[in-house]
Structure formats: structure tokens, C-alpha cells
Amino acid sequence: MAVPNQLAAKLPPTVRYAEAEYWESRYQREPAGFEWFFGHTALRRIIRAYISKKKPVLHLGCGTSNLQEGMAMSGYTVVNTDISKVVIAHMKERHAKYPNLAYCVSDCRDMPEFLDCQFGHVVDKGTVDALLCCKQGTANVMRMLQEAYRVLQPGGSFLLVTLGDPTRRLPLLLDPSLQWKVSLLLLPKIAVACQAYVDGKPINDTVKPIDAEGPYEVLDAETIVGLPAGVQYSNYFFAYVCKKQPLQLQQGQGRKAQLLNGWAA
């Protein structure tokens, strides 16, 4: 059913989070670095544990985060994408001194710029949350997840850092079209004493890396192995590590392993 014009005019701006125009306007007004929740310092141990430096990383919806700069300083090669031309131009200039950072304007729901199986890892921090605030939010997120899966190499991992607890995110991540194994990390919310500041303002990052709880193996949307009984999700943000199934070579009796159709050695 169509939304009446008078009602549409009253809807909060979050319904536009999937539109490039919203982000162009926002980043023109607010070019300074900003973290929706957690920056590189907070997530450093998690990145080190689940993201390899040996393969290129795709960062979806990078915005003005410090995540990619911290990863570049740690030796990662990161391709950063955002739907906003304004923020990509700004971040490309800001990080010109890092040869291992690249920037590309791209819609995470449709990324023809990238090949199948191009990246060893894909990272998202907050883009899923933004898309879910939109009309057709679930459909938008599924398109994004399927694109992340497509560009991910067999055996590679998708790291999702999100506000969404397992009751809200696992039904999406466990869609049958996504053949990956999922594990959960609980990320304690930032205490006031641990908040990092820049120019006297909090930046939603920490002064030291956080200690994540987990990983907990996800068997299905309702079964998480080892998750403490009675855990209060309101005390946490969440990370989901989604590992794509490795490539399985076909091997007949007495024959060498054969690559699957479409694959070349």
C-alpha cells in the first residue's frame, strides 16, 4: 500500500538511509570523523583474530570511520566503499598517504565493480543497521548480504558489527542462499570511563581494545552453543563472523582432484 503524501512528509529521516542523497547531504554538513559505535581501537583484537592480512579486505559503507585507517597502519589492504561520492572523495584525500587503502563509490546492494570471489574478507560496521531503518529494509539487507557472499572467496569471512541481537540478525544471516557458518561475539557497550575523546568530544571509540565474549557457534536461529543462560542483550553490541564454505574439489577414485565448473587453476 502506498504511503499517503501527508504521512510520508512526517516520517523520520531514517527512512532515507538507503538513499545516496541523504548521505551526500549529511557528509557535506558533517565531514568530521564519526563512529556510530566502536572504532578501530575497540575492534582491534577482533579484527586481528578474524581478518587475515594476506588477502584484500572489502569494507562496506565506510563513511568517515577510523576503522580502515587503523587497519592500514596495521598492515591490511582495504578497499573501502560508500554510496556517497562526497565522503569517498573526502576520505580518499584524507588517506592519500596510505597506499594500502583504496576508495570506490558503490552501492552495497549491487556491486558490479567487483568480481566474484575477489576478496578474502568483507567487513561491515553499521551499514546493515542503517538499511534496516528503510522501507524494504529486509530486502535491502538481503541484497547486500548476497553481494558480500558473492565477492567473498571460498573459505573467506564476512565480519558484521551491528546493534542487532541474534533474534534480529540470525534470521537474515542464516538465509539458505548464504552457505556460510556463523559464530557470535558479544561486545560490551562502552563504559563512560573507557570512552575515547577527540578535541574534548566523545567519538564512540575506546581507549583500549574491548574484550569480546565468545565466539559462540550458531547452529540455527534459536541454537547458539555455549551462550550463557539469561544473557542480557541490552548490555552488548554484536559481531557475527560468517565463514564461507571452502571450495571442495571433486575427486574420483584413482583420479586427480577436479576443479568445479567455471574454476581454473
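Bear in mind that the structure is predicted. Mean pLDDT for the protein chain comes to 84, with 75% of residues at 70 or more. Its largest nonpolar core has 37 residues, and a search of the whole structure turns up zero disulfides.

**Nonpolar cores**

- In the 37-residue core, the members touching the most other members are Leu 58, Phe 158, Leu 173, Trp 180, Leu 184 and Tyr 240.
- Helix α7 (residues 137-151) supplies the largest share of this core, with seven residues.
- There's also a second, separate core of 29 residues, and Met 71, Tyr 98, Tyr 103 and Leu 185 are among its members.
- As a rule, nonpolar side chains in soluble globular proteins tend to be buried together.

- Helix α3 (residues 40-50) buries His 40, Ala 42, Leu 43, Ile 46 and Ile 47.
- Looking down the axis of α3, those buried residues fall within an arc of 130°, so they line one face of the helix.
- Arg 48 and Ala 49 are exposed on the other side of α3.
- Over in helix α8 (residues 166-173), the buried residues are Pro 166, Arg 169, Leu 170, Leu 172 and Leu 173.
- They span an arc of only 160° around the axis, which puts them on the same side of α8.
- Thr 167 and Arg 168 are exposed, on the face of α8 turned away from its buried side.

**Gln 68 and the cysteines**

- Gln 68 sits in helix α4 (residues 67-73), and its relative accessible area is 0%, so it counts as buried.
- Setting aside residues up to four places away in sequence, Gln 68 touches His 59, Cys 62, Gly 63, Val 78, Asn 80, Met 91, His 95, Leu 101 and Tyr 103.
- Cys 62, one of those contacts, is buried too, at 3% relative accessibility.

**Two loop residues**

- Arg 109 is in the loop between β3 (101-105) and β4 (119-125).
- Is Arg 109 buried or exposed? At 15% relative accessibility, Arg 109 counts as buried.
- The side chain of Arg 109 makes a polar contact with the side chain of Asp 107 at 2.8 Å, and another with the side chain of Asn 140 at 3.1 Å.
- Val 231 belongs to the loop between β10 (223-224) and β11 (236-244).
- Leaving out neighbours within four places in sequence, Val 231 is in contact with Leu 186 and Tyr 236.
- Val 231 and Leu 186 are 45 residues apart along the chain, and 9.8 Å separates their C-alpha atoms.

Methods: Residues numbered from 1 in each chain as written. Predicted model: local features only at pLDDT ≥ 70, side-chain atom pairs only at ≥ 80, totals over all residues. Heavy atoms only, no water. Core = buried A, V, L, I, M, F, W, Y, C linked by side-chain atoms within 4.5 Å. Buried < 20%, exposed > 50% of the residue type's maximum accessible area, 1.4 Å probe, protein only. Helix = DSSP H or I, 4+ residues; strand = E, 2+ residues; numbered from the N terminus. Contact = heavy atoms within 4.5 Å. Disulfide = S-S within 2.5 Å. pLDDT = per-residue confidence, 0-100. Polar contact = N/O pair within 3.5 Å; in protein donor to acceptor, adjacent residues only side chain to side chain. Arc of directions from axis to C-beta.
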